[in-house]
Number of protein chains: 4
Amino acid sequence: MTSSASRAQALNRSAFRCFRDISTRWMDNDAYGHVNNVVYYQWFDTAVNAHLIDNGALDIHHGETIGLVVETHCNYFSPLAFPQTVQVGLRVARIGSSSVRYELGVFAQADEWTAAHGHFIHVYVDKATRRPVSQLPDVLKQVLEQLT
Amino acid sequence: MTSSASRAQALNRSAFRCFRDISTRWMDNDAYGHVNNVVYYQWFDTAVNAHLIDNGALDIHHGETIGLVVETHCNYFSPLAFPQTVQVGLRVARIGSSSVRYELGVFAQADEWTAAHGHFIHVYVDKATRRPVSQLPDVLKQVLEQLT
Amino acid sequence: MTSSASRAQALNRSAFRCFRDISTRWMDNDAYGHVNNVVYYQWFDTAVNAHLIDNGALDIHHGETIGLVVETHCNYFSPLAFPQTVQVGLRVARIGSSSVRYELGVFAQADEWTAAHGHFIHVYVDKATRRPVSQLPDVLKQVLEQLT
Amino acid sequence: MTSSASRAQALNRSAFRCFRDISTRWMDNDAYGHVNNVVYYQWFDTAVNAHLIDNGALDIHHGETIGLVVETHCNYFSPLAFPQTVQVGLRVARIGSSSVRYELGVFAQADEWTAAHGHFIHVYVDKATRRPVSQLPDVLKQVLEQLT
């Protein structure tokens, strides 16, 4: 295994600030009978955007600021499979002037350690021009600070 | 609208025997901002197979009998969108010697009427030969009869 | 098998007016090692919308009229699997005042008969109000008539 | 933007050893009208596994060795959207005793520079025990060496 992969270690639940239940789907399992590596990123997207929407920090349809993804990463430690409900933990590792680094962990229900974890970096841009905003909207910043 | 589509009417929750919560995902929304028509079939697959597995009637990895889909259908009545949890209702409309017709309805949380509903037909086959079984396994038949 | 399923028969390539190549993906295969039933509907959506866009009849981002799906259906005859490129055949079976019935067939490269086929019904609506248009845009109607 | 993201730079086509065309799908576009970040990983999976299968180095159904993904990463530089055919470039950056690091780049048809690129690390395991193999199968090693 590469040195990069061997350095990665499962994280404890205590590393995350909030959690969201996500139900797995039949199609999450690939030909090898376990959740495909791609699906974890669907869960990351879902956990971050649902948290922002539920807390009034993102309006998909009418908001003027949207988050574009510029970097994603995931390490996988133990397999998951449909049918089970997983929990996705979320924390914010860095808040920049126009960007945010989210860290995400996926847990089987009874497990204390991540089955997989990773991060993604959102750059917040003006919905029309797609140019980075000069500063994050206040409501977004407040929601993010509760996740640090 | 075609005569076929205009005949379809939303169904009440009372038309279904059991329900399963499914969390929507960011990617369920398509470019028009609502859940794409394809995603409902992911939910159908998920509701049927999860019910069978939870009740001991299907073992994806070691079972000798698997269900192949030969027909699917869906009518759509009102839009759904991420983030929301939907409920999928399930009933069995017909049990044949090797086939089963499942009927499925998708409900928004507070709604009494289907946002969409449809059916799919499973033919149960031998996992190795992929030939239809001569009769459904007893445990499967028992689970199905509780859904009629 | 139900009478409905047993009535469905594979269709010849001659039943369709135009064809589009679609490359399969690793995730199209499900835990049973063949393309999952849901994926065919991704291909249907792709074939119809790509044809409309390529022929100037649909502008996802700026158009005032969009097609909402009110009914979908598919029958499956023989399995397909990644990696292979499939061909999706398209014809228009009915043009109403605001709705269109598309019929679609999926073919393995060398096959004359559908591995699966189905239909879906689009109702064209105003993008803002989501109310059906009183008549289809002229450019759309011209493209559709070439597919009948 | 974070320092990590700002360091990443688009790569030229010359950085990759072989290319594969992949047709985009309607559902690849998310609510913002561009290909969602998750979809790029579907393409990575597809490009690697199709190359291995086409060259006789992977047999999904009957092979005794399968590749499990332990790490994935992607940086995104410019948006892509359905309908267009993209090209995925592939090279092998490191061949270990049981693991391989694949590097992948996604290109719009006429572009010399990656719209996105990333890597993923496969650990090859025995299909039954899911334990890493002590050495890569010869046929796999030969195919991989042509990609370095």
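1. C:P83 sits in the loop between β2 (65–76) and β3 (85–95) of chain C, where helices (H or I, at least four residues) and strands (E, at least two) are DSSP runs, numbered from the N terminus. The peptide bond that leads from C:F82 into C:P83 is cis, with omega near -5 degrees. In chain D, a cis peptide bond likewise joins D:F82 and D:P83, and its omega is about -5 degrees; D:P83 lies in the loop between β2 and β3 (85–95) of that chain.

2. Before going further, please keep in mind that this is a predicted model, in which local features need pLDDT of at least 70, side-chain atom pairs count only at pLDDT 80 or more, and totals for chains, interfaces and linings use all residues. Residues are numbered from 1 along each chain as its sequence is written, while chains are lettered from A and ligands numbered from 1 in the order in which they are written.

3. On confidence, the predictor gives the complex an ipTM of 0.93 and a pTM of 0.94. For chain A the mean pLDDT (the predictor's confidence in each residue, from 0 to 100) is 93, and 95% of its residues reach 70 or more. Residues 1–5 of chain A, however, have a pLDDT below 50, although this stretch has 15 contacts in the model beyond near neighbours in sequence. Where pLDDT is low, the predicted coordinates should not be read in detail.

4. The meeting of chains A and D involves 28 residues of chain A in contact with 28 residues of chain D, two residues being in contact if their C-beta atoms, placed from the backbone, lie within 7 Å. On the side of chain A that touches chain D, at least two residues each come from α1 (3–7), α2 (39–54), β2 (65–76), β4 (99–108) and β5 (116–126), and β2(A) gives the most, with nine residues. By class, this side of chain A has 15 nonpolar, nine polar and four charged residues; here Ala, Val, Leu, Ile, Met, Phe, Trp, Tyr, Cys and Pro count as nonpolar, Asp, Glu, Lys and Arg as charged, and the others, Gly among them, as polar.

5. How do β2(A) and β2 of chain D pair, and over how many bridges? They run in the antiparallel sense and pair over five bridges, where pairing requires that DSSP finds at least two bridges between two strands. Within this arrangement A:C74 stands opposite D:T72 in β2(D).

6. D:N36 deserves a look, lying in the loop between β1 (18–23) and α2 (39–54) of chain D. Is D:N36 buried or exposed? D:N36 counts as buried because it has 20 C-beta neighbours inside 10 Å; a residue is buried if 20 or more other C-beta atoms lie within 10 Å of its own, exposed if 12 or fewer, and partly exposed in between, with C-beta atoms placed from the backbone. Leaving aside neighbours within four places in sequence, D:N36 is in contact with B:M27, D:D28 and D:D30.

7. In α2(D), 14 of the 16 residues are buried, so this helix is largely enclosed by the rest of the structure. The helix is followed by D:G56, whose phi is positive, near 75 degrees.

8. Finally, D:R130 has a positive phi of about 60 degrees although it is not a glycine. D:R130 lies in the loop between β5 (116–126) and α3 (138–145) of chain D, and it is partly exposed, with 13 other C-beta atoms within 10 Å.
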